[in-house]
Amino acid sequence: MKIVILGAGQVGASVAENLVRESNDITVVDIDPAKLQILQDRFDLRTVHGFASHPEVLRQAGMEDADMLLAVTQSDEVNLVACKLAHTLFNTPTKIARIRCTEYLAHEGLFSPENFAVDYIISPEEVLTDYIRKLIEYPEALQVLDFADGKVRLAAVRAFHGGPLVGRELQYLRKHMPHIDTRVAAIFRQNHPIIPEGKTVIEAGDELFLIAAAENIRAVMREMRRRDKAAKRVMIAGGGNIGRRLARSLEHQYQVKLIDHNKKNSERLAAELSSTLILFGDATDPDLLQAENVEDMDVFCALTNDDENNIMAALLAKRMGARKVIALINRSAYVDLVQGGQIDIAISPAQATIGSLLAHVRRGDMAVVHSLRRGAAEALEAIAHGDAKTSKVVGKRVEQIDLPRGATIGAVVRGEEVLIAHHDTVIESEDHVIIFVVNKQMISKIEKLFQVGIGFFG
């Protein structure tokens with residue numbers, strides 16, 4: 001695909017990196033030549049220096065024959081105007097805009113073809129808030145993701161010494177839980193993927209990706225490890241977009257404290273949030289943390305705009321007794337360094353949000369794409385179309401589908417029904433099929449499987 005990306009910030013750069021690897025023709029536009037130079041040095045892509053919503057700049061970027069526009073600059077207004085211009089001047093087929101302001105999001109009509117002509121909206125802050133909220137709801141999980149409008153849930157957990165299934169074969173899971181259908185869709189052992197089979201023995205330290213109907217996922221996780229006691233007290237460091245959104249979404253079910261270092265912002269937050277306790281101060285100050293009983297916190301979330309501050313605040317909170325600490329880290333190299341040590345979960349905003357973009361870029365009908373293990377693997381929700389003649393999957397049993405080695409079908413959603421996939425599950429037209437891909441190089445083969453052929457007989 002020929003894709004023009006407006007904005008070379010964290011989101012734009014991360015998307016460009018992912019899409020270049022998949023042999024797309026990418027052009028990135030930004031007003032900062034230094035950011036563009038970094039991208040050009042690292043990847044095989046074009047760059048255009050200029051203001052993203054100017055018609056001539058869009059023309060230079062190749063908008064006239066582009067398949068897609070991704071407007072992900074820091075400015076909602078620039079993103080909206082660029083989509084309108086792409087629609088009016090260049091008739092671009094697909095236009096995606098990053099929108100942060102809730103005022104715009106509240107008026108859906110603004111994005112219609114006769115107004116700003118935005119086909120899809122992404123809101124990284126909203127995606128991240130939901131992502132972190134699930135980690136607070138499931139304290140024992142490393143990652144919790146939804147498919148099929150929340151009907152299916154995926155949870156990543158680490159198996160521990162003495163856990164009910166450690167030292168046993170995977171097939172024991174079915175005997176042990178005869179009333180719940182679930183599946184271990186992927187296993188990572190010391191960062192290497194292992195294809196889960198009935199005779200695979202679970203070892204302590206394994207990272208397991210479990211899939212089940214949403215209402216069953218807690219019971220399944222309990223089998224892998226003792227359930228951590230439910231979180232009640234949450235402390236948030238940073239009152240920016242994400243910290244504020246998270247506090248608002250949690251404050252009616254949890255006791256929430258929020259620390260912010262900006263006095264004016266603290267006053268604004270105190271007026272805006274109803275039951276969150278707002279603290280003015282520095283989250284890396286041990287005296288403040290001690291005074292606010294950080295040792296009693298079930299979850300500490302470091303969500304400022306500064307990676308180093310987030311790492312330091314999370315390490316300090318953990319050392320002082322917080323049960324689980326989560327740090328937001330923009331630089332992906334840092335994420336791999338700190339994840340799983342003293343810091344329980346390190347989140348890369350770009351990796352957490354990129355799936356909402358990739359779903360629109362993938363060939364075949366992809367409803368959802370989730371990035372797993374910081375981008376090393378992916379989980380896709382593909383919709384099967386056609387019939388036995390025109391589709392490579394419809395009418396076939398799972399064992400007959402020519403999946404690349406290492407890719408597994410975890411579940412099938414048919415209407416309201418959730419079917420955990422087994423070797424004899426037959427795929428029907430319009431099924432939502434959830435697939436795990438442990439190596440990104442397999443993606444194009446998966447896409448081809450779900451594309452409907454004209455007169456394909458197979």
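Isoleucine 242 has a relative accessibility of 14%, and because anything under 20% is called buried, this residue counts as buried in the predicted model we are looking at. Isoleucine 242 sits in helix H9, and if we set aside residues up to four places away in sequence, its contacts are Glu125, Leu128, Thr129, Ile132, Leu303 and Leu328. Take Ile132 from that list: 110 residues separate isoleucine 132 from isoleucine 242 along the chain, yet in space their C-alpha atoms are 9.6 Å apart.

Let me turn now to the helices themselves. Helix H6, which covers residues 124–137, packs with helix H9, residues 241–250, at an angle of about 50°, and the two axes lie 9 Å apart. H6 and H9 are therefore described as oblique to each other, and their crossing is right-handed. On the H6 side, the residues that meet H9 are Glu125, Glu126, Leu128, Thr129, Ile132, Arg133 and Ile136, while H9 contributes Asn241, Ile242, Arg245, Leu246, Ser249 and Leu250.

Finally, the core. In soluble globular proteins, nonpolar side chains tend to be buried together. Here the largest nonpolar core has 97 residues, and which of them have the most contacts inside it? They are Ile136 and Ile347. As for isoleucine 347, once its neighbours within four places in sequence are left aside, its contacts are Leu128, Tyr131, Ile132, Leu135, Ile326, Ala327, Leu328, Ile329 and Ala352.

Definitions and conventions: Residues numbered from 1 in each chain as written. Predicted model: local features only at pLDDT ≥ 70, side-chain atom pairs only at ≥ 80, totals over all residues. Heavy atoms only, no water. Core = buried A, V, L, I, M, F, W, Y, C linked by side-chain atoms within 4.5 Å. Buried < 20%, exposed > 50% of the residue type's maximum accessible area, 1.4 Å probe, protein only. Contact = heavy atoms within 4.5 Å. Axes fitted to C-alpha atoms, helices over the stretch in contact; angles between N-to-C directions. Helix = DSSP H or I, 4+ residues; strand = E, 2+ residues; numbered from the N terminus. Parallel < 35°, antiparallel > 145°, perpendicular 65-115°, else oblique. Left-handed = near helix turned anticlockwise from the far one by under 90°.
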